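Please read the numbered points with the sequence and the model side by side.

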Amino acid sequence: MAGSTGPSLGERPHHVVVVGAGFAGLSLAQGLGGTPLRITLVDRRNYHLFQPLLYQVATAVLSQGETAEPIRRILRRHKNVSVLLGEVDGIDTGRQEISIDGERLAYDTLVLATGATHSYFGHPEWERFAPGLKTLDDARRIRAKVLMAFELAELEEDPAERERLLTFTVIGGGPTGVEMAGAIAGLAKQALARDFRNIDPTKARILLVEAAPRILGPFPEDLSTYAVRALERLGVTILTGRPVENIDERGIVVGGEFVPTATVVWAAGVTASPAGKWLDVGTDKAGRVEVGPDLSVPGLENVYVLGDLALARDENGKPLPGLAQVAHQQGDYLAKALQARILRGETPKPFRFRSRGNLAVIGRNEAVVHWDTVKLKGFSAWLVWGIAHVYLLVGFQNRLLVSLRWLWSYITHQFGSRIIDEDLSRRHSHEARTEVVIDASHGEELRDRARS
């Protein structure tokens, strides 16, 4: 456990360096704002991103500015907090320094909260054809790909290729996958329903693929069953118990069957950022660093790990899930714990996660909520989900804009940001024109490869 209090506060302020401005890092920096400590927050982007609503950016419900807030604006009233824009590329725990784009920065206490990225389960080549959803760039790529599929289908004369273009596949049946599939269905069957002349967007085929026996595994089975029925009412086809075996530019192989599809979205798994390897303390299969009860790294002085990068356990020894609420509570806890340890020389109590429930929205007036013994579904759950997400958004302006956007979409059935960036439009159009036309032999080839 990290026990050193560092240099005397009479000599110079104790310097806490926080890497990552996600939910954990930002809540920690806010909690330490206004204290005698010197705080430096480092991130490779200049904004805090509200990841739970990224799927709405990807499906043209929200614009990218409505889910992000500049870090400096959030922290501007805290004079003891500095923000550095840069990417950390190394850590020297012996010298108590980190490297930011080759430049050295010394710390007294280091906190890593660098989050996670996509995991393709040993198939990194799939990322090219099945982008995940972790950043604004990811959301912009997926939005362009989804909207371009309709545009290209409008121009396509071959029925088989048109059907492929109008087949959308989401891989992963967790909350992100469920929300993404429902949002694509809403886009196709509501917002775009009357906008085309040669195609009928409402006939688009949306597939949700999950390797486990059911979707929404962490939820009670009855809520999972309700979600299946709600998705099916939206026209989503759910394939459970069928792992993906291959993905390329022409489609996917799932359960030994080749499915032609032009748009694949990956929501099946994550792996921690590579920052854990820099500490040279070992990580689990997901790249997470084992932490102690106070979120410190055993064997290292004054080093802490939070959020998706941390393998933290509850009082029963069970690993905590990679959820925003876990990261947020860890940031709040460590802010209090560091003040107790550094400023008052006290030993803080262990971190205890208090679940605020699991939420997943399915579509218009459809959601599921599970909190302890409380289970909600349908319109009431949809209201709870909306209120919770608006509350958690950073910045009054974002809360107002998102609320108004949702209200407009609810009344008009129209989505807000259906703009395809010009560079992405040209790229997706070029890729579509240079692809080899699907034929039966390719399907047989992929099926044979999957069987072998």
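1. Y120, F121, W126 and W266 make up one aromatic cluster. Rings of Phe, Tyr and Trp (its six-membered ring) are taken as a pair if their centres lie within 6.5 Å; planes under 30 degrees apart count as stacked, over 60 as edge-to-face and the rest as tilted. The structure is a predicted model, in which local features need pLDDT of at least 70 and side-chain atom pairs count only at pLDDT 80 or more, while totals for chains, interfaces and linings use all residues. Residues are numbered from 1 along each chain as its sequence is written, and side-chain values use heavy atoms, with hydrogens and water left out.

2. The structure holds eight aromatic pairs. Helices (H or I, at least four residues) and strands (E, at least two) are DSSP runs, numbered from the N terminus. Both F23 and F50 are buried. Here buried means under 20% relative accessible area, exposed over 50%, and partly exposed in between (1.4 Å probe, protein chains only).

3. F121 and W266 form a tilted pair, with 6.0 Å centre to centre and 55° between the planes. The two residues are 145 apart in the chain: F121 lies in the loop between β10 (116-118) and α4 (136-155), and W266 in strand β17 (residues 263-266).

4. Five strands form an open sheet in the order β5-β2-β1-β9-β20, with parallel pairing. Its edge strands are β5 (81-85) and β20, each of which pairs on one side only. Two strands are said to pair if DSSP finds at least two bridges between them.

5. Strand β9 (residues 109-112) pairs with strand β1 (residues 15-19) in the parallel sense over four bridges, and T109 of β9 is the bridge partner of V16. Three bridges join β9 to strand β20 (residues 303-305), again in parallel. Across this second pairing, V111 has Y304 as its bridge partner, and L112 stands opposite V305.

6. In a regular strand the side chains alternate between the two faces of the sheet. Both faces of β9 are covered, with T109 and V111 buried on one side and L110 and L112 buried on the other.

7. Helix α6 (residues 175-191) has 17 residues and reaches 22 Å from its first C-alpha to its last, close to the 24 Å expected at 1.5 Å a residue. The expected span is 1.5 Å times one less than the number of residues. Of the 17 residues in α6, 13 are buried.

8. The protein chain averages a pLDDT of 88, and 88% of the residues score at least 70; pLDDT is the predictor's confidence in each residue, from 0 to 100. Over residues 1-9 the pLDDT is below 50, and this stretch has 27 contacts beyond near neighbours in sequence, a contact meaning heavy atoms within 4.5 Å. Residues 433-443 also stay under 50, with 14 contacts beyond four places in sequence. Where pLDDT is low, the predicted coordinates should not be read in detail.
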